[in-house]
Amino acid sequence: MSELLDFRGRVAIVTGAGQGMGREHAKMLASRGARVVANDINIERVGETVAEIIAAGGAAVADHNNIVTDSAAIVDAAVEAFGRLDIVVNNAGINAFGRFWEMDEGTWWRVFDVAVKGVVGVSRAAMPHLIASGSGRIINISSNGVMGVPTDSAYNAAKAAIWGLGITLAAEAREVGVQVTTLMPVAWTPMTEDAFPNPVIRDAMRNTVPARAVSAFVTWLAHQDTTMFGGTWEVAGTSAGRIEIAGAPRVRAASPEPESWGALQDQLTEDAPLRPFRTASESFRDQMVFLSPELDTVLPADAADVSR
Ligand SMILES: NC(=O)c1ccc[n+]([C@@H]2O[C@H](COP(=O)([O-])OP(=O)(O)OC[C@H]3O[C@@H](n4cnc5c(N)ncnc54)[C@H](O)[C@@H]3O)[C@@H](O)[C@H]2O)c1
């Protein structure tokens, strides 16, 4: 292994650091010299996280503000304790299962809000400090649930929102020197202990995807020398794979009438080589040129970028 990444002088917030992956992220960042604000609504457990960090010679303070209602106070706590803020790991999340149309509405929105409002609130409050840092980092924790898990609609809708937010925020924040990346982790934690009753899956997870392994990827992304302006990765144990939005080849209807589409159902659903789209402009331009090839020489590359 090469030399340890050096985080001395850096300050990090990790939300949901009372257990599971958040605790491991906080411990690993601190083990490399970062001063850490370990946030969790569970006061007792986040106190244990901080005690472990301090016992190992690290620096950390506990914060038990709710990311949904008191996000700015978490950022204030970091600046008050350590004078600056360089890294935010938006990790806290909750889950609850039930059919979409049967689930208690309050529970549905609570799951959604913890994820989305938490990430939005903490990130907005953090941005001025991350810009001032000169190498600010936001790492958002989404989930491969965006790909679909029946009975988990609130969680997956929220994780899709975090993913979508991250794609656009990465492009905006790049202009002010802040890097935003998104992870879809898999790890054996109290959350997965609750979610997977099957003993074969439980054993496989316990043995191959410890929470600490995801922290290694998080910590690498968080480092000031890691240059990664945007991107989404699935991370499980020592494996990682980039996730992209991709489209199958376009098909053309004979006319803009509903009857024309029926003839194309097979083509609309067939497996075909996918093409990644890294920006909305790329996809928009591709659609326009598909319909009118002469537009290829006319449309600017950033055709759908409304900020220009
Ligand atoms: N475990 C997995 O395999 C997996 C898979 C995909 C995504 N994730 C995501 O990774 C993150 C961490 O997952 P985990 O498995 O370690 O979860 P976990 O349930 O073990 O820990 C989450 C922590 O967040 C805290 N928390 C909840 N609501 C909070 C709030 N409002 N304010 C502050 N803290 C709050 C909880 O008290 C808990 O300590 C979550 O966002 C989760 O959705 C996990």
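Which backbone N or O atom lies 2.9 Å from an oxygen atom of the ligand? In this predicted model, the atom belongs to Ala 187. Local features were considered at pLDDT of at least 70 and side-chain atom pairs at pLDDT 80 or more, whereas totals for chains, interfaces and linings use all residues of the predicted model. Residues are numbered from 1 along each chain as its sequence is written, and side-chain values use heavy atoms, with hydrogens and water left out.

An N or O atom in the side chain of Asn 66 is 2.8 Å from a nitrogen atom of the ligand. For Thr 189, a side-chain N or O atom is 2.4 Å from an oxygen atom of the ligand. Taken alone, the ligand exposes 830 Å², of which the protein buries 94%; accessible areas come from the Shrake-Rupley method with a 1.4 Å probe, and for residues only the protein chains shown count as cover.

Helix 1 (20-31), helix 5 (153-174), strand 6 (179-186) and helix 6 (190-195) are the elements that give two or more residues to the shell around the ligand. Here helices (H or I, at least four residues) and strands (E, at least two) are DSSP runs, numbered from the N terminus. Helix 6 gives the most to this shell, with three residues. Around the ligand there are 27 residues, of which Met 21, Asp 40, Asn 91, Tyr 155 and Thr 189 come nearest; a residue is near a molecule or strand if one of its heavy atoms lies within 4 Å of it. The shell divides into 13 nonpolar, 11 polar and three charged residues, where Ala, Val, Leu, Ile, Met, Phe, Trp, Tyr, Cys and Pro count as nonpolar, Asp, Glu, Lys and Arg as charged, and the others, Gly among them, as polar.

Asn 91 is located in the loop between strand 4 and helix 4 (105-133). With a relative accessibility of 11%, Asn 91 counts as buried (buried means under 20% relative accessible area, exposed over 50%, and partly exposed in between, with a 1.4 Å probe and protein chains only). Asn 91 and Met 21 are 70 residues apart along the chain, and their C-alpha atoms are separated by 7.8 Å.

A search of the whole structure finds 15 salt bridges, each defined as a side-chain nitrogen of Lys or Arg within 4 Å of a carboxyl oxygen of Asp or Glu. Glu 52 takes part in a salt bridge with Arg 23, in which the closest N and O atoms are 3.6 Å apart. Because Glu 52 lies in helix 2 (residues 43-55) and Arg 23 in helix 1, the pair ties together parts that are 29 residues apart in sequence. Arg 23 is buried at 13% relative accessibility, whereas Glu 52 is partly exposed at 35%. The side chain of Glu 52 also meets that of Lys 27 in a salt bridge (2.7 Å, N to O). This second pair links helix 1, which holds Lys 27, to helix 2, which holds Glu 52, across 25 residues. Lys 27 is partly exposed, with a relative accessible area of 26%. Through shared partners, salt bridges join Arg 23, Glu 24, Lys 27, Glu 48 and Glu 52 into one network. A further salt bridge is formed by the side chains of Arg 8 and Asp 6 (2.6 Å, N to O). Arg 8 is exposed at 64% relative accessible area, and Asp 6 is partly exposed at 30%.

The largest nonpolar core has 29 residues, of which Val 14, Leu 29, Val 36, Ile 139, Leu 183 and Val 214 touch the most other members. Such a core is a set of buried Ala, Val, Leu, Ile, Met, Phe, Trp, Tyr and Cys residues joined through side-chain atoms within 4.5 Å. Elements that each supply at least two residues of this core include strand 1 (11-14), strand 2 (35-39), strand 5 (137-141) and helix 8 (211-222). Helix 8 gives the most to this core, with six residues.

Thr 151 has a positive phi of about 70° although it is not a glycine. Most residues other than glycine have a negative phi. Thr 151 is placed in the loop between strand 5 and helix 5 and is partly exposed at 39% relative accessibility.

Key: A polar contact is a pair of N or O atoms within 3.5 Å; within protein, one must be able to donate a hydrogen and the other to accept it, and residues adjacent in sequence count only if both atoms are side-chain atoms.
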